[in-house]
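Hi,

Here is the structure I promised to pass on. Have a look at it first, and then read my notes below.

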Amino acid sequence: MTVPQILAELNNVSRRTFYRWRELGIAPECIRLPNGELRVWRSEFQTWLEQLRDRAA
């Protein structure tokens with residue numbers, strides 16, 4: 001998934017918020033492509049969301 005796709009899935013969370021989560025180590029694990037763009041495996045994103053749901057319960 002691209003960063004814009006992730007932001008859309010999270011109800012348009014700001015790009016700055018996502019990058020801040022990365023700085024804090026609480027964002028889903030990202031892969032940096034040779035061109036510098038970030039990607040997240042959809043399965044990793046789903047696991048991350050499930051973990052957030054479990055922590056909130």
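Let me start with a definition: the radius of gyration is taken over C-alpha atoms, and the globule rule is 2.2 Å times the number of residues to the power 0.38. With 57 residues, that rule puts a compact globule near 10 Å, and the protein chain has 11 Å, so the two agree. The C-alpha trace spans about 40 × 20 × 20 Å along its principal axes.

Before going further, a word on the source. This is a predicted model, where local features need pLDDT of at least 70 and side-chain atom pairs count only at pLDDT 80 or more, while totals for chains, interfaces and linings use all residues. Residues are numbered from 1 along each chain as its sequence is written, and side-chain values use heavy atoms, with hydrogens and water left out.

On to the fold. The protein chain has three helices and two strands (DSSP runs, numbered from the N terminus: H or I of at least four residues for helices, E of at least two for strands). Read from the N terminus, the order is α-α-β-β-α. Of the 57 residues, 25% count as buried (under 20% relative accessible area; exposed is over 50%, and partly exposed is in between, with a 1.4 Å probe and protein chains only). If you look at contacts (heavy atoms within 4.5 Å) between residues at least 6 apart in sequence, 29% of them join residues at least 24 apart.

Now the aromatics. A search of the whole structure turns up three aromatic pairs (rings of Phe, Tyr and Trp, the last by its six-membered ring, with centres within 6.5 Å; planes under 30 degrees apart are stacked, over 60 edge-to-face, the rest tilted). F18 and Y19 have ring centres 5.8 Å apart and planes at 80°, so this pair is edge-to-face. F18 is buried, at 0% relative accessible area, whereas Y19 is partly exposed, at 26%. Ring pairs also link W21, F45 and W48 into a cluster.

Finally, have a look at E37. Where is E37 found? It sits in the loop between β1 (31–32) and β2 (38–39). E37 is partly exposed because its relative accessible area is 38%. Leaving aside residues up to four places away in sequence, E37 touches I31 and R32. The side chain of E37 also makes a polar contact with the side chain of R39, at 3.0 Å (a pair of N or O atoms within 3.5 Å; within protein, one must be able to donate a hydrogen and the other to accept it, and residues adjacent in sequence count only if both atoms are side-chain atoms). The C-alpha atoms of E37 and T2 are separated by 8.1 Å, although these residues are 35 apart along the chain.

Cheers
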